[in-house]
Amino acid sequence: PEQDWAERCTALRACAALLRGLAAGASHADALWLQWHRSASHVVAAAVTDLRSAVVKEATATVSAFAHRASTVSGRASSHSCAASAADVIVPALMRLVATPNRGFSDLGHAALLDVYRSIPSALLLPRVLEGLADKSVTLRGRCAECLLRVLGDWPLEILRQAVPELEVALARALADASPEARGAARGAFRAFEAMFAEAAERVLSRLSPAERKRLLHAPEPPLRRSSPASSAAAASTSG
């Protein structure tokens, strides 16, 4: 109904207004992040899977704005925790959107999903993308492989190190995927993984067939790790 559409758009605008409050960096920012987690994230997650393109566009734009804002609070433990919890509510909806046959909707979901995984490094979110690599949707598997490449290129080592066994299994699965798109992104992710965890990368190779191992020889070089505050701090902690 027209009224429902209008109400959803109004709710999304309220979520955007809350983000603007967070952008102000006020002393009550932690409370605002908690409010985003408890209420706004559920509103946005519901809107992401709406059938109206106008609502989906506004919802995914709000997710991207949320992700960018969350990247500025990595130094505040409580705010970062609330942002990660809110993202954990939104990510499953984004993945459903990515898997939809509607290419326009799928691309909107993909862009927002990449923004989340680029901006909110959290052990809470990692299992979501690893599970997506085993989804029945070819499109979602390929997009999650791209997110994994982003994770392995940008996230702090301290988070990745805790998930090495799970990453080994996920990478081996993705490298053997039937989708060329998923395999291509997985090869880049593997090279980034290998640069950090050489012994674990050997275990991944041992899971592959000879043909799959051969394909890795033609993989592109991994992206350079970003010099972000989070990754720099992690690198310093491992070298010290």
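**Entry 1: α9 and its partners**

I started with α9 and α11, which are oblique to each other; by angle, under 35 degrees counts as roughly parallel, over 145 as roughly antiparallel, 65 to 115 as roughly perpendicular and the rest as oblique. The angle I looked up for α9 and α11 is about 40°, with the axes 9 Å apart. Axes here are lines fitted to C-alpha atoms, for helices over the stretch in contact, and the angles run from 0 to 180 degrees between N-to-C directions.

Before going on, I note that this is a predicted model, in which local features need pLDDT of at least 70 and side-chain atom pairs count only at pLDDT 80 or more, while totals for chains, interfaces and linings use all residues. Residues are numbered from 1 along each chain as its sequence is written, and side-chain values use heavy atoms, with hydrogens and water left out.

Back to the pair: α9 passes α11 in a right-handed crossing. A crossing is right-handed if the near helix is turned clockwise from the far one by less than a right angle, and left-handed if anticlockwise. On the α9 side I find Val164, Glu168, Leu171, Ala172 and Leu175, and on the α11 side Ala200, Arg203 and Val204. Contact means heavy atoms within 4.5 Å. Sorted by class, the contact of α9 with α11 has 6 nonpolar, no polar and 2 charged residues. For the classes, Ala, Val, Leu, Ile, Met, Phe, Trp, Tyr, Cys and Pro count as nonpolar, Asp, Glu, Lys and Arg as charged, and the others, Gly among them, as polar.

Next I checked helix α9 (residues 164–175) against helix α10 (residues 180–196): the angle is about 145° and the axes are 8 Å apart. Here α9 passes α10 in a left-handed crossing. The α9 residues in this contact are Val164, Leu167, Glu168, Leu171, Ala174 and Leu175, and α10 brings Ala182, Arg183, Ala186, Arg187, Ala189, Phe190 and Phe193. I get 10 nonpolar, no polar and 3 charged residues for α9 with α10.

**Entry 2: Ala201**

I stayed with helix α11 (residues 198–206) to look up Ala201, which is found there. Ala201 counts as buried at 0% relative accessibility; the cut-offs are under 20% relative accessible area for buried, over 50% for exposed and partly exposed in between (1.4 Å probe, protein chains only). Not counting residues up to four places away in sequence, Ala201 touches Phe190, Phe193 and Glu194. I also noted Ala172, 29 residues from Ala201 in sequence and 9.5 Å away in space, C-alpha to C-alpha.

**Entry 3: α3 on α5**

For helix α3 (residues 53–70) and helix α5 (residues 103–119), I have an angle of about 10° and axes 8 Å apart. That makes α3 roughly parallel to α5. From α3, Ser53, Val56, Lys57, Thr60, Val63, Ser64, Ala67, His68 and Ala70 meet Phe105, Leu108, Gly109, Ala112, Asp115, Val116 and Ser119 of α5. By class I note 8 nonpolar, 6 polar and 2 charged residues for α3 with α5.

**Entry 4: aromatic pairs**

I searched the whole structure and got 2 aromatic pairs. Rings of Phe, Tyr and Trp (its six-membered ring) pair if their centres lie within 6.5 Å; planes under 30 degrees apart count as stacked, over 60 as edge-to-face and the rest as tilted. Tyr117 and Trp155 have ring centres 6.1 Å apart and planes at 15°, so I logged the pair as stacked. Tyr117 lies in helix α5 and Trp155 in the loop between α7 (138–154) and α8 (157–161), so the pair ties together parts 38 residues apart in sequence. Tyr117 is buried at 0%, and Trp155 is buried at 1%.

Phe193 and Phe197 have ring centres 5.3 Å apart and planes at 50°, so the pair is tilted. Phe193 is buried at 0%, and Phe197 counts as buried at 11%.

**Entry 5: α7**

Arg143 is found in helix α7 and is buried, with a relative accessible area of 11%. Leaving aside neighbours within four places in sequence, I see Arg143 in contact with Val98, Arg103, Asp107, His110 and Glu181.

Asp154 lies in helix α7 too and counts as buried at 7% relative accessibility.

**Entry 6: the whole chain**

I count 13 helices and 0 strands in the chain; helices (H or I, at least four residues) and strands (E, at least two) are DSSP runs, numbered from the N terminus. Of the 240 residues, 48% count as buried. Among contacts between residues at least 6 apart in sequence, 72% join residues at least 24 apart.
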